[in-house]
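My notes follow in the order I looked things up.

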Amino acid sequence: MNKPLELKELIIHKEQLAKRLRQETSGEVMTDIASRGRYATDASIYQAMPVAVFMPKTAEDIASAIQIAAELKVPVLARGGGTSQCGQTTGAALVIDNSKYFRSTVDLNLDKGTIDVEPGMVLDHLNASLKQHGLWFPVDVSTAGQATIGGMAGNNSCGSRSIAYGNMVHNVLGIDAWLANGQIAQFGNYANSSGAAKQLGDFVKGLADKLHPEIEAHFPKVLRRVAGYNLDVFHPQSELPYTQDGSVNLSHLLVGSEGTLAYFKSLQLKLAPLPQHKVLGVVNFASFFKAMDSAQHIVKLGPTAVELVDRTMIDLARSNPSFKKTIETALINPHSQTPEAILLVEFSGESHATLLDKLKSLQDLMGDLGLPGSVVPMSDAGPQKNLWEVRKAGLNIMMSLKGDGKPVSFIEDCAVPLESLAEYTEALTDVFAKYGSRGTWYAHASVGTLHVRPILDMRRDGAAKMRAVAEEASELVRKYKGAYSGEHGDGLCRGEWISWQFGPKITEALTEIKNAFDSKGLFNPGKIIDPPKMDDSSYFRYPPSYKVIPLLPALDWSAWNVQNNPVTEETSAPGTGGDPAMGLAKAVEMCNNNGHCRKFDAEVMCPSYRVTRDEKHLTRGRANTLRLALSNQLDVKDESPLGSDSVKDVMELCVSCKACRRECPTGVDMAKMKIEFLAAYKKRVGHSLRDLVVAYLPNYASIISNIPGLPTLLNLRNHIAPIAKLQEWLMGISAQRSLPTWRSRTFWSNKKQITAHHFTPDQLNTPNQQGNKGVVLLADTFNAYFENQNLQAALRVLKEAGYRVHIPQKNNSENKTKTTNTCSKEFCCGRTYLASGMVDQAKETLGELVDHLAPYAEKDIPIIGLEPSCLFTLKDEALVMGFGERAITVSKHAQLLEEFLASEAKVGKLNLNLKAATRPILFHGHCHQKSFAAVTPAMELLKLIPGGEPKLIESSCCGMAGSFGYEAEHIVVSKQMAELSLLPTIRKSPDSWVVADGTSCRHQIHDGAQRDAVHIAQILAAHL
Ligand SMILES: Cc1cc2nc3c(=O)[nH]c(=O)nc-3n(C[C@H](O)[C@H](O)[C@H](O)COP(=O)(O)OP(=O)(O)OC[C@H]3O[C@@H](n4cnc5c(N)ncnc54)[C@H](O)[C@@H]3O)c2cc1C
Ligand code: SF4
Ligand code: SF4
């Protein structure tokens, strides 16, 4: 095989490669360092800078790209979701991303139960399309929302239900693929094969026949073995035969080949009937050993899955607000000590009654094994689904550990026979302890593949410990006759163990196979064949030479600036982590590239990716770009890397929806990072007129509304197109948008009303005749100046329910001492300043509000807001602005109107008589509301309207996101976001009330669906 080109030589070819790709294909070509950097990592500890990145639009594009790369001697690396855990998707190569355009169904044959798909098809999308036919593709990997069929086949992926359905290799029926010489070959049934596929098949058969005794001796006899190439297709060693009829299928040679043999063009898959019913029995164990020992007995009952979650993971899930409630449904007694382990035992089939019998057998079995009463039965689909989601989030839950020590993949999927599982896990736990670490165990107990990742610090002594643990783990695997590589592939962390597993003769045969397929080493060199050492730090994402640039961030990131103890997982005090960027870099580095943000399900993250499908408009792409910027890997010359154009490029479409803050399993909070970027960027380039107009709105709103005739004059902009056009030209505010309507009568105009709503904390703290304390109601700029009706409605509802209401307004002395807000008598949360990167001004404004509110919060008075973006600034950003304890106290008391009313209703204190609804109600949650789990209270409250039957619109961000949707350069994306599901759902329900708390959400609904959405306060008031 030819020696791969050195990186230097590859870079020389970069420009030529890009030029030819641009000229000869219709795909997207990226050669800038930031774009390449976003493709330099997968979910492993490794990093390698691609030569270029290519997004093909057609099959012809891929064929041409392979040919051009071959001619220029640039390696080719096929990529799907990039969620591999072992580094197989990293390389100094032309990275070809199939996931944007190459993701269609080629052919569905319902009679045969097969489907042909392009490799970029995501598993969840495939299964969603199959559901209507009662079918599914059952290799249910945890990353089903991101993993592509090409990547799954590349890795020979395995799902939780592999005991029933097998791995990818058991479910792929055929692959059409480009060979390194550009030829397309059809790999399928060997007996019927022809052309290049047959020739290659014959060659491999020759090797396999010659090495039959070696194969018998060295291939582990377990279901979960994914190392090397499947040389055993001709002499099967897997517990489960590769084919039902014992025939040889040549596509199985390509499954698990990690992109090293051929480039998949389409894959034919075997489909399975969707199980009609499922039941789950969750077995609680007081001893981990006992749990492991029981697995071998439980599998005899014929379950479709037996999955482990250990105590550490249960505790981590219990401490995470998103998972707490669900994980506790799995416990026999959530109030007593957490069990050492639980096993999720699933049975599925046609008849529910039969499954209930199986559940009963499980309970009997556990009784026989000395654990009567240890099973929590779950026969309903809802709770089962929720629990599976927590189990699937297992790795991500673990990865949320702050500090440089992280759980590292390298022996995370060794597979051992079930009889030895208990001894193996116990012995490996001792190995971890010996090296000052600890493992958290979870996953596939049914097939002896337990995931475990010791916590290692790769910047310090991690590499040495990784080697030592791997050596000892391999001894155990050998002792128990297991497979060292059981699920996630070989990549860079297990490549060197292939020869250990199979011995020299088979290893040599694997090299011969590679040579026969790809003699010039075009496809993904250094994987499977000639791999580097697993601990070669030149491949690490965080090598010991990794350095962060010193930087003073605008916000307080000290909570991330910590180190952890690998055994106890305790973290050091905030600010002690040694981050030269004061915690910002460590917060960015929380992204482990697992790709969970590449999702399209009912939640919110990440709206810009949902409409563009571009890595750079994805939370992961943003975090990677920031990491590269903060560690000076972006080649930025004389400007601040944080405020550079490369970072601007990725932040451009981030709508600061805060969805990642909640939905990213490791809590990457890109909305706050965008504030940091904006502060640095605007410092570099200055503020535009539009920035100033947006930022200072709360200051000049009162001036405009108080000058007679001015509101009417300004509102002409919404009716006279040329004025809107002129404004677009001058300020970049889209002429396609209507602007909020200025009014001369605002909330603040009614002085009597304002005076009547002034109470001291002590006054509010004294219960009135109805036994109610008072509340604080924030009159935010948007509702006070543009939609006064919402504040009036909220006042009416609160008063009707018997609460006295204090409306914060600055008194004169407060007003005089401050500078930023001098024109305004009203408090403000500073949101508009944050949106424009003016953090100092935001701090000053928000600080005043926090000062005013703190005495109320200290008296336990609820602080109620109507506009989610304002209210959640008080709950969220206020905590990272250096305000100390008072901000925390205020944050704890700040809540939306519906949160307050729903909590009062829950304790039977809400005294509201609501009339019956005459129309159905649709509710759209603001992104920040979703991010803080404040949608449920809104729905609970709306349910109090008799006959309301509110329906939640399952949508991501509405696309307005403050000023984003008004900006001329973002109007198209803004509309696309709204059209994903929000507007179509509203259009389908012409007679409903549409309830939306966000002022910009209501605007988007008005502009896009010509419907007047109302604030929840208004719908409540309308039903009084
Ligand atoms: C949190 C987490 C949980 C996971 N859980 C599981 C699990 O339950 N089970 C499991 O098996 N794995 C799991 N994985 C690993 C990973 O998600 C799976 O292996 C997944 O199938 C990879 O899909 P992908 O699209 O991301 O592939 P990628 O990482 O993009 O690619 C994988 C390999 O396939 C090759 N490839 C991609 N497309 C082609 C093509 N067209 N032609 C040839 N080769 C190609 C690539 O070169 C690469 O070597 C998990 C990973 C994470 C981060
Ligand atoms: S941003 Fe979060 S969800 Fe996305 S890849 Fe990184 S860690 Fe995963
Ligand atoms: S804040 Fe929203 S748009 Fe921005 S990265 Fe996070 S999920 Fe995506």
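**Entry 1: the four-stranded sheet**

In what order do the strands of the open four-stranded sheet run, and with what pairing? I read the order as β1-β2-β4-β3, and the pairing is mixed. I keep in mind that this is a predicted model.

Next I looked for the edges. β1 (28-30) and β3 (76-79) stand there. Each has a single partner strand, so one side of each is left without a neighbour in the sheet. From one strand to the next, the twist averages 20°.

I then went to the pair β2 and β4. Strand β2 covers residues 52-55 and strand β4 residues 94-97; three bridges join them, and they run parallel. Ala52 has Leu94 in β4 as its bridge partner.

**Entry 2: the six-stranded sheet**

I moved on to an open sheet of six strands. Its order is β15-β12-β14-β13-β17-β18, and the pairing is antiparallel. Which strands stand at its edges? They are β15 (375-378) and β18 (449-452), each of which pairs on one side only. Neighbouring strands here are turned by 20° against each other on average, with direction ignored.

Inside this sheet I checked β12 against β14. Nine bridges join β12 (residues 277-285) to β14 (residues 341-349), and the two run antiparallel. I found Leu280 opposite Glu346 in β14.

**Entry 3: strand β26**

Strand β24 (residues 921-924) came up next. Four bridges join β24 to β26, and the two strands run parallel. Opposite Val995 in β26 stands Phe923.

Which way do the side chains of β26 point? In β26 (residues 993-996), Trp993 and Val995 point one way, while Val994 and Ala996 point the other way. All four residues of β26 are buried, whichever way they point.

**Entry 4: aromatic pairs**

I counted the ring pairs and got 23 aromatic pairs. I took Tyr484 with Trp497 to look at in detail. Their ring centres are 4.8 Å apart and their planes stand at 35°, so the pair is tilted.

Are the two buried or exposed? Tyr484 is buried, at a relative accessible area of 1%. Trp497 is buried too, at 5%.

I compared this with Phe747 and Trp748. Here the ring centres are 5.4 Å apart and the planes are at 80°, so I call the pair edge-to-face. Phe747 has 0% relative accessibility and counts as buried. Trp748 is buried as well, with a relative accessible area of 6%.

I also noted one aromatic cluster, formed by Phe288, Tyr424, Phe432, Trp441 and Tyr480.

**Entry 5: charges over rings**

Which ring has Lys278 over its face? It is the ring of Trp136, and Lys278 lies at 5.8 Å from the ring centre. I logged a second case with an arginine: Arg459 lies over the face of Tyr542, at 4.3 Å from the ring centre.

**Entry 6: a helix pair**

I turned to α35 (residues 839-858) and α37 (residues 885-893). They pack at an angle of about 70°, and their axes are 8 Å apart. That angle makes α35 roughly perpendicular to α37. The crossing of α35 past α37 is left-handed.

Leu10 is in helix α1 (residues 7-24). Leu10 is buried, with a relative accessible area of 2%. Leu10 and Pro50 are 40 residues apart in sequence, but 9.4 Å apart in space from C-alpha to C-alpha.

Arg620 belongs to helix α21 (residues 619-630).

Notes:
Residues numbered from 1 in each chain as written. Chains lettered and ligands numbered in written order. Heavy atoms only, no water. Buried < 20%, exposed > 50% of the residue type's maximum accessible area, 1.4 Å probe, protein only. Pairing = 2+ DSSP bridges. Phe/Tyr/Trp six-rings, centres within 6.5 Å; stacked < 30°, edge-to-face > 60°. Lys NZ or Arg CZ within 6 Å of the ring centre and 35° of its normal. Axes fitted to C-alpha atoms, helices over the stretch in contact; angles between N-to-C directions. Parallel < 35°, antiparallel > 145°, perpendicular 65-115°, else oblique. Left-handed = near helix turned anticlockwise from the far one by under 90°.
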